[in-house]
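This report describes selected residues of one protein chain and the surroundings of its ligand. Please consult the sequence and the structure shown here alongside the text.

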Amino acid sequence: MLREITDREAAAKAKDVDLKVGYQGEPGAYGEVAAAAHGGVPRGFASFEKLLEALRDGDVDEAVLPMENAVVGAITEALEPFATFVTEGMELVAVDITSVPVRLSLAARPGTPLAAVKRAWSHPAALRQCTHRLAQMGIERVVCYDTAGAAQIVAHEASTDAAVCSRRAAERYGLAILVEDVSDKEQNGTRFVHLRMADHARAQVSLAFLRTSSMTATGRLDVLTGATLLPLAGTTEYPVRMWVLGADAARLQALAPVRDVQVISLGQPAAHAAKVTPPRQGTEPVIKSLPHATARKAPTVVEVGPLRLGGGARAVIAGPCSVESAEQVMRIAKEVASCGATALRGGIFKPRTNPYAFQGHGLEALDWLVAAGKAHGLPVVTEVMAIDQVKPVAEKADVLQIGARNMQNFDLLRAVGRAGRPVLLKRGAGSTVDEWLGAAEYIMAAGEMRVILCERGIRTFETSTRNTLDVGGMLAARPLTHLPIIADPSHAAGRADLVEGLARGAWSAGADGLMVEVHDDPARALSDAEQALVPARFAELARNLALHPDARLPLAQLRAWVDAIDHDLGVLVQRRLEVAKVIGDSKRQTGRAVLDPRREAAVRRTYQEALPGSKGLADKLVDLLLEAAKAQQSIDED
Ligand code: PEP
Ligand code: MN
């Protein structure tokens with residue numbers, strides 16, 4: 001334990017400092033500024049090819065590549081090799097974008113008068129940014145591999161040549177600045193993309209490479225409106241090639257089925273990725289002594305039939321505390337499945353505080369649970385308390401649960417780790433986050449990598465709740481592990497009236513899923529009667545989490561579901577009108593036209609995408625909304 005904490009502190013101290021970020025060029029280049037933008041140690045490479053090879057081979061953790069410049073647009077020198085590596089199968093993700101302001105100085109050896117300068121060295125992309133200014137001054141452009149490299153060359157040669165480079169680079173190599181900024185455009189800047197290997201990071205920026213062998217397919221590319229397109233020269237095989245920055249997933253997917261269009265996506269940020277921070281990517285595990293549980297890798301997605309947890313996939317596991325009878329679990333399975341739960345829980349071996357309390361019906365109940373799951377298309381999750389239960393339970397159950405009381409039963413952890421089933425690992429009521437991850441490591445070291453962490457409340461001085469749901473601990477675990485983390489609000493609350501609030505809190509905090517106890521006759525439940533949600537209340541919760549109901553739900557409840565959506569829609573429409581009004585005010589204040597047909601077209605597309613297959617409806621909604629917005633604006637003007 002002590003060693004683990006020491007490891008973590010060392011890792012925290014090392015934090016950004018140990019991240020190696022590669023760029024193309026010499027120290028002083030703009031790439032170096034981008035590489036250092038988020039901490040990390042910049043390392044220069046002679047070419048973009050060498051830089052990408054270093055990233056592939058793990059010599060650097062991250063690479064920065066210039067994509068776009070305010071004056072000259074696409075930086076083909078970087079985008080071409082980047083495209084080659086990606087089309088050859090290198091799996092990269094874009095994790096960030098950094099804009100670096102660019103001021104291109106004209107610098108020469110001290111004492112050189114401006115009039116004597118006949119040639120200027122620089123990177124071709126930088127030279128393109130000052131084509132006109134240099135021509136006006138009668139200065140010829142000489143291409144070399146880097147802006148800072150140009151400064152180095154000029155410093156070492158006894159000539160009156162100049163370099164086009166940053167002030168930093170000029171100063172670094174002892175040159176005098178003759179012209180502060182020779183860019184053709186005043187506000188020059190370059191956007192750099194930060195790349196990492198896909199197995200070490202998850203995408204935070206939407207970036208894709210697109211190419212097509214057919215000119216006619218380009219007619220379909222209008223769906224990319226709003227994204228930044230960075231074109232490359234066509235080849236015989238692919239006359240149209242480009243990088244696409246900032247397109248949303250739906251738009252890119254819309255292109256995938258178009259014949260002759262090839263889209264290589266460097267990943268889309270997961271819907272809730274912004275709320276939770278995955279482990280910082282790199283090579284060393286976050287906690288050295290926990291190499292599996294805290295490995296710096298892409299989020300683990302645990303998938304069992306319809307149940308998918310992690311990496312943006314979120315789900316709800318629901319069911320009774322105990323499997324009481326074949327009929328009871330069958331009824332409850334139907335209820336939770338109809339509300340959109342994608343796994344069924346139910347205890348057959350119950351860890352009870354009192355030895356005389358109901359202990360579970362044992363293996364016989366496993367058959368009832370499995371039958372209920374099968375009948376309603378749900379994989380089943382059930383707890384094992386002892387090593388000898390592991391084998392028979394693993395034969396039939398889909399996911400093995402380790403209860404809070406057994407979190408540090410190390411022999412049991414090893415046994416479930418060898419059982420060939422995913423494991424749901426509850427956090428012990430008196431265990432720290434590190435101990436929880438240590439328990440996960442036991443399971444993973446034994447061979448099972450599909451571990452679901454479940455926060456279920458810890459014991460505090462508070463007596464008004466059974467436990468205290470530690471959302472903070474859940475969030476603290478998030479940057480340490482790639483494993484999915486779910487919350488169990490039922491055992492945390494110990495009382496039904498608090499379950500929904502806790503569930504929604506954990507969900508908004510970015511939990512990958514929930515486990516909720518549901519009983520259709522709580523008064524008669526054989527265990528945890530006080531905390532069970534009745535099906536109607538579970539339905540309400542599921543509705544709030546935007547799960548999908550099905551036709552097994554009673555009509556009255558389906559109506560309640562749709563009523564709630566209507567209410568939400570009304571509130572959203574109201575908000576839309578309010579924000580549209582503020583936009584109108586802003587346009588008026590800045591002297592811009594309030595009506596903008598191009599924006600209207602974009603809004604229309606947004607609705608059409610959100611309502612695939614209902615173009616007519618999308619159009620009608622847009623017409624209504626725009627009409628309402630205009631009516632509101634003219635009222636204001638009266
Ligand atoms: C359970 O989920 O049935 C259970 C006993 O939970 P915990 O181990 O979290 O108390
Ligand atoms: Mn319970």
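Serine 166 counts as buried in this predicted model, because its relative accessibility is 5% and the buried class covers values under 20%. The residue belongs to the loop that joins strand S9 (162-165) to helix H8 (167-172). A polar atom of the serine 166 side chain lies 3.0 Å from the backbone oxygen of glycine 28.

Glutamine 24 is part of strand S1, which comprises residues 20-24. Its side chain has a polar atom 3.2 Å from the backbone oxygen of alanine 46. The backbone oxygen of tyrosine 145 is likewise found 2.9 Å from a polar atom of the glutamine 24 side chain.

**The chain as a whole**

The protein chain has 638 residues, and buried residues make up 50% of them. Its secondary structure consists of 21 helices and 25 strands. Along the principal axes, the C-alpha trace spans about 100 × 70 × 50 Å.

**The ligand site**

Which residues are found around ligand 1? They are Arg345, Lys350, Pro351, Glu383, Gln401, Gly403, Ala404, Arg405, Lys426, Arg456, His491 and Glu517. By residue class, this shell divides into seven charged, three polar and two nonpolar residues. The space that ligand 1 takes is the largest pocket.

For lysine 426, the distance from a side-chain N or O atom to an oxygen of ligand 1 is 2.7 Å. Taken alone, ligand 1 exposes 290 Å², of which the protein buries 97%.

**Residues linked across the sequence**

The table lists the C-alpha to C-alpha distance for each pair.

| Residue pair | Separation in sequence | C-alpha distance |
|---|---|---|
| Leucine 255 and arginine 220 | 35 residues | 7.4 Å |
| Proline 291 and alanine 445 | 154 residues | 9.0 Å |
| Lysine 334 and glycine 319 | 15 residues | 9.8 Å |

Leucine 255 is found in helix H9, which covers residues 249-255. With a relative accessible area of 1%, leucine 255 is buried. Arginine 220, 35 residues away in sequence, has its C-alpha atom 7.4 Å from that of leucine 255.

Proline 291 occupies the loop between strand S15 (261-265) and strand S16 (302-304). This proline is partly exposed, as its relative accessible area is 40%. Its C-alpha atom is 9.0 Å from that of alanine 445, although 154 residues separate the two in sequence.

Lysine 334 is located in helix H10, formed by residues 326-339. Is lysine 334 buried or partly exposed? Its relative accessibility of 38% places lysine 334 in the partly exposed class, because that class lies between 20% and 50%. The C-alpha atom of lysine 334 is separated by 9.8 Å from that of glycine 319, 15 residues away along the chain.

**Positive phi angles**

Most residues other than glycine have a negative phi.

Aspartate 528 has a phi near 45°, a positive value in a residue that is not glycine. The residue lies in the loop connecting strand S25 (513-517) and helix H18 (535-544). With 13% relative accessibility, aspartate 528 counts as buried.

Alanine 546 is also not a glycine, and its phi is positive at about 65°. The loop that holds alanine 546 runs between H18 and helix H19 (555-589). Where does alanine 546 stand on accessibility, buried or exposed? Alanine 546 counts as exposed, because its relative accessibility is 56% and the exposed class begins over 50%. Thus aspartate 528 is buried, whereas alanine 546 is exposed.

Technical notes:
Residues are numbered from 1 along each chain as its sequence is written. Chains are lettered from A and ligands numbered from 1 in the order in which they are written. This is a predicted model: local features need pLDDT of at least 70, side-chain atom pairs count only at pLDDT 80 or more; totals for chains, interfaces and linings use all residues. Side-chain values use heavy atoms; hydrogens and water are left out. A residue is near a molecule or strand if one of its heavy atoms lies within 4 Å of it. A polar contact is a pair of N or O atoms within 3.5 Å; within protein, one must be able to donate a hydrogen and the other to accept it, and residues adjacent in sequence count only if both atoms are side-chain atoms. Accessible areas come from the Shrake-Rupley method with a 1.4 Å probe; for residues, only the protein chains shown count as cover. On a 1 Å grid over the protein atoms alone, a cavity is a set of points where a 1.4 Å probe fits but cannot get out, and a pocket is an open set with protein on both sides within 12 Å along at least five of seven lines; lining residues have an atom within 4 Å of a point. A molecule sits in a cavity or pocket if more than half of its atoms lie within 2 Å of its grid points. Ala, Val, Leu, Ile, Met, Phe, Trp, Tyr, Cys and Pro count as nonpolar, Asp, Glu, Lys and Arg as charged, and the others, Gly among them, as polar. Helices (H or I, at least four residues) and strands (E, at least two) are DSSP runs, numbered from the N terminus. Buried means under 20% relative accessible area, exposed over 50%, partly exposed in between (1.4 Å probe, protein chains only).
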